[in-house]
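Open the model in a viewer and keep a selection panel at hand. The stops below say what to select next and what is there.

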Amino acid sequence: MGANIDYYTERARQGRAWVDRLDPIALGVRVAVFATGALAIGLSGTYLGFWRVTALGLAVALMPTLRPAGPWATLLIVVCLGVLLMGGETENFLTLFPIAALLYAHHQAAAQAVTLRTDTYTPPDVIMGLLRRTGVTLLISAILAAVFSLLPGVFQRTSSLVVAAIGLVAVVGLVCVLTAMGRRKR
Amino acid sequence: MTANLAMALSPATGQAPDLPKDDEDKPMWAPTRALRRAVAVAATAAGLGVLFGRLDLVVVAVPFIVGLSIALLKRPTRPPTVRLDIERAINAEGGDVDARLMVFNPEDTEYSSLVTRTAVPRWIKARHGYGTYAATVAPNTATVVQIGGSVERWGEHPIGPAHVMAYACDNLLQCRPVAAPMQQVRAYPVSEPFTADDAMPRAGGLSGAHRSRRPGEGGELAGVRHYQPGDRLRRIDWRVSLRTRELHVNHTLSDRDAEVVLLLDMGADAGESGGVKGASSVLDTTVRATASIADHYLSRGDRVSCVEYGGRIRRLRAGGGRRHYLAILDWLLGVRVWQGSGDEERLLRTGGLPSNALVVMLTPLLDDSAVAALATMARSGRFVVVVDTLPPDVRPPHDTPWSPIAERLWRLDRENVVAELREHGVPVVPWTGTGSLDQVLRDVTRMSAARGAVI
């Protein structure tokens, strides 16, 4: 009995020490991973109904929060793309771009969370830098996305097969360029 | 925390990591899972958008494409340089330790995240700087992590190695881990207050602080005797000479120094060390008592040597003065418990124990070979004093109902050993700091004056 009390006392002490070591900023990054992921799923799957989309969002967003180093963040984005694909085309830019922004923010937060353990002392500079870079990217993306949203009118006069061919070539070229940028020596 | 120390810390002064040969072909900076994810999402969303004619999916891909393009415009090629410096490498136990870890970014691109982790040993109670730290490092600048704490126990304590993980290009690229080698903090044992007022049993040198039993030019008055040819005139005791009407001179004893051999029994340890403010193990008591005794006798001008006795025999030559005291403290840092029986014949044969030296053996009396060594030294006519270093609160583990009885038997047996040693003329005294050896040194001195007496 005494040994059991000692065991639980030690466990409680270890738990307390773990809680004391938690860093609020590092924890905030995890919260951001969860919030952005769940919100992205929630906004993209409004047609599924409140309860179903909430359950899906919470379930899929939980794993990247707990294990940001795993494939779960990728899975969340793929699920979100699938939900978007099945839901029919969203033409309203003001509805669409927040989803894109949330997915990118989720990706960024997960990438940052990989570098930070929950007990890592994190100065605000790290998060301010992350917010600054993400903000700049989203600002440029918003302008580009607004331009893209005008594209259907431009391409209405062109055959859809030609558009698809040009698009595929552009996508393949883009992937090649991005991969080369990531792997080049200099 | 970030400091512009580009001038202070050049890349050449940092220590590049020792890379295994297998990894030399791999690039220093490798893509992270985030980079693969971003490329995959951009390709999938854009591809699906094009295939199904869905512009909304293309819009989803846009931030990923833009983010990748901006982040990967400039990428680093060299690793960060890391340096771990100890500001006070030599200390006394209980003293403060300050170290700093400096990480320099030699590139023109910012490190979006830099995570450092410095290993801190058990006996350094770190106040800050331990665990993992994150930072961002601007191009061509350095960041510094200050590590501060106190040394809780004597010995050599390694701080580090410090591991650094650097991430650049919006955490899309990760550098191979870089490590700064560990640095040693040397903490000398604290000398407990110790004095021993009594005379040395046998002084050996030509000059020193102790009065010998030989007449000579010293300061200690031995008596008054008749004047003899050759006596110095300034030694004439005029008061006695006038009273007795015959010339008398003051008769003094010569001053001599002595050699003290501190013999450390390191064949066994007992008790758990709690650091400088906690409980002491046998090893702690032995080392601190040795430092105290050495400090005392060296300050009185005697020569002190040290011998570690146990599974191995290690010696420090006899010497005197402050420098030798520091040499003893350095030597004590290497004291370890070496399980195994000591060889008492070898101990005496190798000449580390001069016959006229006072041998102070610090032992917990847990090992038969230590008792045998004591008996051998006593039989060979050496002046031996035993300092019992077994902490009074040491209790063997009570695992079975028979444990208390076994412990009682063991204690009775130990008392018996102590009594037998006393019968052989070897006084045993527990270490209590100040005045620990006064009584026994008086006994040994008396015994040396009348050999064969039983204490």
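## Stop 1: the contact between the chains

Start with the contact, which takes 51 residues from chain B and 54 residues from chain A; two residues count as in contact if their C-beta atoms, placed from the backbone, lie within 7 Å. On chain B, select α1 (33–51), α2, β6 (111–118) and β8 (131–137), each of which supplies at least two residues of the side that touches chain A. Helices (H or I, at least four residues) and strands (E, at least two) are DSSP runs, numbered from the N terminus. The most is given by α1(B), with 16 residues. By class, this side of chain B has 35 nonpolar, 12 polar and 4 charged residues. Here Ala, Val, Leu, Ile, Met, Phe, Trp, Tyr, Cys and Pro count as nonpolar, Asp, Glu, Lys and Arg as charged, and the others, Gly among them, as polar.

This is a predicted model, in which local features need pLDDT of at least 70 and side-chain atom pairs count only at pLDDT 80 or more, while totals for chains, interfaces and linings use all residues. Residues are numbered from 1 along each chain as its sequence is written, and chains are lettered from A and ligands numbered from 1 in the order in which they are written.

## Stop 2: a helix pair across the chains

Select helix α4 (residues 72–86) of chain A and helix α2 (residues 55–71) of chain B. Their axes come within 10 Å and cross at roughly 155°; axes are lines fitted to C-alpha atoms, for helices over the stretch in contact, and angles run from 0 to 180 degrees between N-to-C directions. α4(A) and α2(B) are therefore roughly antiparallel to each other, the term for angles over 145 degrees. Show A:Leu81, A:Leu84 and A:Leu85 on α4(A), with B:Asp56, B:Leu57 and B:Val60 on α2(B), to see the residues that make the contact. By class they are 5 nonpolar, no polar and 1 charged.

## Stop 3: the sheet of 3 strands in chain B

Next, select the open sheet with the order β4-β14-β10 (chain B), which has mixed pairing. Two strands pair if DSSP finds at least two bridges between them. β4 (90–92) and β10 (155–159) of chain B are the edge strands, each pairing on one side only. Neighbouring strands are turned by 30° against each other on average, direction ignored. β4(B) pairs with β14 (residues 183–188) of chain B in the parallel sense over 3 bridges. Which residue of β14(B) is the bridge partner of B:Ile90? The partner is B:Arg186.

## Stop 4: the sheet of 6 strands in chain B

Move to the open sheet of 6 strands in the order β19-β18-β17-β20-β21-β22 (chain B), again with mixed pairing. Its edge strands are β19 (314–319) and β22 (428–430) of chain B, and the twist averages 20° from one strand to the next. β18 (residues 303–309) of chain B pairs with β19(B) in the antiparallel sense over 4 bridges, and B:Cys306 has B:Leu316 as its bridge partner in β19(B).

## Stop 5: a helix pair within chain B

Finish with helix α4 (residues 282–299) and helix α5 (residues 322–332) of chain B, packed at an angle of about 170° with their axes 10 Å apart. α4(B) and α5(B) are therefore roughly antiparallel to each other. Residues to display include B:Val287, B:Ala291 and B:Leu298 in α4(B), and B:Tyr325 and B:Ile328 in α5(B).

Notes. Angles under 35 degrees count as roughly parallel, over 145 as roughly antiparallel, 65 to 115 as roughly perpendicular and the rest as oblique.
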